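Subject: Structure for you to look at

Hello,

Please find the structure below, with the sequence. My notes on what was found in it follow.

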Amino acid sequence: MTEKQFILHFKTLYLPLGMYAMRLTDDADVAEDLVQDSFIKAWNAIDCSEDIGNLKSYLYRVVRNECISYLRRQKGNIDIADIPDISDEAVDTSERDARLWRAIDSLPDKCREVFLLSKRDGFSNDEIAEELGISVKTVKNQMTKAYSRLRDALSVNHKPFFLPFL
């Protein structure tokens with residue numbers, strides 16, 4: 001595998017692997033560190049001429065193992081049976097979550113801010129309006145714009161997409 005191919009895999013898999021690790025660790029910063037460490041391990045394995053047939057599967061396995069090691073360091077002896085094995089559903093969920101966050105990140109700044117205050121932080125329209133110094137009508141307009149853009153972004157080349165918090 002060339003460096004260019006590896007970089008392409010990194011760009012494609014980084015966010016889904018991060019979503020997977022975050023579900024296991026419940027900590028975004030830790031998940032990011034573990035995914036970065038996993039990519040380093042994969043690159044070192046490739047650099048040492050180790051044959052990695054399917055890099056995606058390999059990386060999910062390395063991330064899972066890194067998460068288990070982290071949880072053991074944090075909580076002592078953990079039961080591996082409590083850590084779900086990698087399934088197609090877990091990979092699909094990670095990829096879906098990554099598509100969702102990419103779409104949210106692509107929203108215009110004000111629209112994204114209103115949307116995240118509402119959906120991530122649980123603010124009411126009145127609270128958002130007060131927090132941002134805008135009218136409730138503007139909040140409603142920004143939310144409508146966000147829903148529309150997210151639906152459009154997530155339905156391109158995909159089956160209809162269910163937004164879990166809509």
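**Helix 5 and its neighbours**

Helix 5 and helix 6 are oblique to each other. Their axes are 10 Å apart, and the packing angle is about 135°. The crossing of this pair is right-handed. On the helix 5 side the contact is made by K110, E113, V114, L117 and S118, and on the helix 6 side by I128, E131 and L132. Sorted by class, the contact of helix 5 with helix 6 has 4 nonpolar, 1 polar and 3 charged residues. Please keep in mind that this is a predicted model.

Helix 4 and helix 5 also cross, at roughly 130°, and their axes come within 9 Å. An angle between 115 and 145 degrees is neither roughly perpendicular nor roughly antiparallel, and helix 4 is therefore oblique to helix 5. Here W101, I104 and D105 of helix 4 meet R112, F115 and L116 of helix 5. The residues of this contact are 4 nonpolar and 2 charged, with no polar ones.

Helix 5 covers residues 109-119, and its buried residues are C111, V114, F115, L116, L117 and S118. The cover over these buried residues includes helix 4 (88-105), helix 6 (125-132) and helix 7 (136-155).

Why does C111 count as buried? Its relative accessibility is 1%, and the cut-off for a buried residue is under 20%. Leaving out residues up to four places away in sequence, C111 touches Q142, K145 and A146. For a distance across the chain, C111 and I52 are 59 residues apart in sequence, and their C-alpha atoms are 42 Å apart.

**The chain as a whole**

The protein chain has 7 helices and 0 strands. Read from the N terminus, the order of elements is α-α-α-α-α-α-α. Along the principal axes, the C-alpha atoms fill a box of roughly 60 × 40 × 25 Å. The chain has 166 residues, of which 37% count as buried. Among contacts with a separation of 6 or more, 60% are between residues 24 or more positions apart.

**Helix 2 and helix 3**

Helix 2 (residues 28-47) and helix 3 (residues 55-75) have axes that come within 9 Å and cross at roughly 130°. That makes helix 2 oblique to helix 3. The crossing is right-handed. Helix 2 contributes V30, L34, V35, D37, S38, F39, K41, A42, A45 and I46 to the contact, and helix 3 contributes L55, Y58, L59, V62, V63, E66, C67 and Y70. By class there are 14 nonpolar, 1 polar and 3 charged residues in the contact of helix 2 with helix 3. When you look at the spacing of such residues, recall that an α-helix has 3.6 residues a turn, so residues three or four places apart point the same way.

**Two single residues**

R102 is found in helix 4. Is R102 buried, exposed or partly exposed? R102 has a relative accessible area of 38% and is therefore partly exposed. Not counting residues up to four places away in sequence, R102 touches K11, T12, L15 and P16. R102 and S148 are 46 residues apart along the chain, and 15 Å separates their C-alpha atoms.

D26 lies in the loop between helix 1 (3-25) and helix 2. D26 is not a glycine, yet it has a positive phi of about 60°. With a relative accessible area of 69%, D26 is exposed.

Regards

How values were computed
Residues numbered from 1 in each chain as written. Predicted model: local features only at pLDDT ≥ 70, side-chain atom pairs only at ≥ 80, totals over all residues. Heavy atoms only, no water. Axes fitted to C-alpha atoms, helices over the stretch in contact; angles between N-to-C directions. Helix = DSSP H or I, 4+ residues; strand = E, 2+ residues; numbered from the N terminus. Parallel < 35°, antiparallel > 145°, perpendicular 65-115°, else oblique. Left-handed = near helix turned anticlockwise from the far one by under 90°. Contact = heavy atoms within 4.5 Å. Nonpolar A, V, L, I, M, F, W, Y, C, P; charged D, E, K, R; others polar. Buried < 20%, exposed > 50% of the residue type's maximum accessible area, 1.4 Å probe, protein only.
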